[in-house]
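Please read this briefing alongside the sequence and the 3D view.

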Amino acid sequence: MSGLYYEEFEVGMEFNHALTRTVTEMDNIMFCAMTHNPQPLHLDEEFSKQTEYGQRIVNSLFTLGLVIGVTVAETTLGTTLGNLGMTDIRFVKPVFHGDTIRVVTRIKDMRESKSRPTAGLVVFEHFGFNQRDEEVCYCVRTGLMRKRP
């Protein structure tokens with residue numbers, strides 16, 4: 001278990017996650033298929049050539065899931081009780097097939113749980129960047145975290 005317990009987090013703590021991921025065409029197509037999203041901007045190359053991007057863009061919900069997923073091993077693996085919410089989600093730049101995503105997480109806030117004495121709430125800020133260091137995704141996520149047994 002590599003996740004941290006509530007007491008191990010501190011406001012302002014920052015994680016520069018070593019794990020990176022190159023997004024593939026297959027990632028995008030499979031994610032769209034699994035979520036029943038037929039948006040031609042993600043799937044139709046000819047349609048997408050006529051857009052301002054000139055090519056297909058990766059489904060933004062895949063990007064969000066990837067950005068959060070990259071953080072799990074170093075922050076919440078085995079120590080979370082679940083996500084309580086995600087807010088302030090933004091997609092600053094599109095992600096294209098072949099882009100490599102890296103993630104930075106900052107601890108924005110934390111507090112004891114009012115209803116669960118064995119847990120606390122941690123507010124994570126996740127920043128996703130492409131290989132050009134352009135921000136592509138941002139999310140504030142609140143996790144319910146286990147306290148040390």
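A salt bridge is a side-chain nitrogen of Lys or Arg within 4 Å of a carboxyl oxygen of Asp or Glu, and by this rule the count comes to twelve salt bridges. This is a predicted model, in which local features need pLDDT of at least 70 and side-chain atom pairs count only at pLDDT 80 or more, while totals for chains, interfaces and linings use all residues. Residues are numbered from 1 along each chain as its sequence is written, and side-chain values use heavy atoms, with hydrogens and water left out.

**Salt bridges**

- Arg 21 forms a salt bridge with Asp 27, and their closest N and O atoms are 2.6 Å apart; buried means under 20% relative accessible area, exposed over 50%, and partly exposed in between, with a 1.4 Å probe and protein chains only.
- On that scale Arg 21 counts as partly exposed at 30% relative accessibility, whereas Asp 27 is buried, with a relative accessible area of 15%.
- The side chains of Glu 25 and Arg 56 also meet in a salt bridge (2.9 Å, N to O), a pair that links distant parts of the chain, with Glu 25 in helix H1 and Arg 56 in the loop between helix H3 (45-49) and H4, 31 residues apart.
- Helices (H or I, at least four residues) and strands (E, at least two) are DSSP runs, numbered from the N terminus.
- Within helix H3, Glu 46 and Lys 49 lie three residues apart, about one turn of the helix, and their side chains meet in a salt bridge (3.1 Å, N to O).
- Glu 14, Arg 106 and Glu 125 are linked in a network of salt bridges.

- In H1, the residues Asp 27, Asn 28, Phe 31 and Cys 32 are buried, and seen down the helix axis the buried residues fall within an arc of 120° (taken from the directions from the helix axis to the C-beta atoms), so they line one face of H1.
- These buried residues of H1 pack against strand S2 (21-22), H2 and helix H4 (60-75), while the face turned away from the buried side carries the exposed residues Met 26 and Met 34.
- Just after H1, His 36 takes a positive phi of about 55°.

**His 42**

- His 42 lies in helix H2 (residues 40-43) and is buried, with a relative accessible area of 9%.
- Leaving aside neighbours within four places in sequence, His 42 is in contact (heavy atoms within 4.5 Å) with residues including Asn 28, Cys 32 and Arg 56.
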